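Please open the model in your viewer and keep the sequence panel beside it.

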Amino acid sequence: MSESFHQAISEESRAGEESPAAGDGPGEVANLADKLLEVHTWLRAQLQQVRAEADAYFTGREPGVPLGLQLRQHCLAFCQALEFHHTGEDGQVFPFLADRHPHLRGALDRLSEEHRTVEGVQRELVALLADLGTADPGRFRAELDRLSAELTAHLDYEEESLLPALAGIPFPPAP
Ligand SMILES: [Fe+2]
Ligand SMILES: [Fe+2]
């Protein structure tokens, strides 16, 4: 197994402001399925946090008050971490699995397409974040809801499709 493959998995969780904390996800990580679950658990938690901050911000917002810096930073950091995760999957994990588990190719194609869909919503959100002080709260929330729905469905399907194959790959790799 290539060094870069394991590196893509192990480093994908390091983007953004925080890494998955001990205790997130499945507990002890013994294989790539555990690692994927750990990263997904962290992404789900970050998404919940951003949604809670967006609700708090828009509920208390008064006309003329600029974007909450914390919301903006967390939202951008989350988008960056998510992009990094998907880039690692598209570039390393999916090609590796397609090569060794041909029966997964249909699922992998669908998962890659879902990455593009999520990417499109992320672009919309980042564009709104550029000037959230004047952004329409309804539109921002709608995009965040859309990201949440698309991403949650994607993470669920990815786990359902790939965890059995990933469970056969030890992690961390043997020295
Ligand atoms: Fe993915
Ligand atoms: Fe993933």
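Next, colour by confidence. The average pLDDT of the protein is 84, and 79% of the residues score at least 70. Now select residues 12–17, where pLDDT stays under 50, although the model has 17 contacts beyond four places in sequence for them. Where pLDDT is low, the predicted coordinates should not be read in detail.

With that caution in place, turn to the interior. Of the 175 residues of the protein, 28% count as buried, and among contacts between residues at least 6 apart in sequence, 71% join residues at least 24 apart.

Select Leu36, Phe78 and Leu97, which have the most contacts inside the largest nonpolar core, a set of 29 residues. To see where this core comes from, show α2 (32–60), α3 (69–100), α4 (105–129) and α5, each of which supplies at least two of its residues; the largest share, ten residues, comes from α3. Staying on Leu97, look for Leu104, Leu108, Leu162 and Ala165, which Leu97 touches when residues up to four places away in sequence are not counted.

Move on to α4, which has 25 residues and reaches 36 Å from its first C-alpha to its last, close to the 36 Å expected at 1.5 Å a residue. Which residues are buried in α4? Select Leu108, Leu111, Val118 and Gln122 to see them, and then display α3 and α5, which are included in what covers the buried residues of α4.

The last stop is α5, residues 137–166, whose 30 residues reach 40 Å from the first C-alpha to the last, close to the 44 Å expected at 1.5 Å a residue. Follow this helix to Glu160, where a kink of about 35° lies shortly before the proline Pro164. Finally, select the buried residues of α5, namely Phe140, Glu143, Leu144, Leu147, Leu151, Leu155, Glu158, Leu162 and Leu166.

Conventions. Residues numbered from 1 in each chain as written. Chains lettered and ligands numbered in written order. Predicted model: local features only at pLDDT ≥ 70, side-chain atom pairs only at ≥ 80, totals over all residues. Helix = DSSP H or I, 4+ residues; strand = E, 2+ residues; numbered from the N terminus. Expected span 1.5 Å × (residues − 1). Bend = angle between axes of the 7 residues up to and from the residue. Buried ≥ 20, exposed ≤ 12 C-beta atoms within 10 Å, placed from the backbone. Core = buried A, V, L, I, M, F, W, Y, C linked by C-beta atoms within 7 Å. Contact = placed C-beta atoms within 7 Å. pLDDT = per-residue confidence, 0-100.
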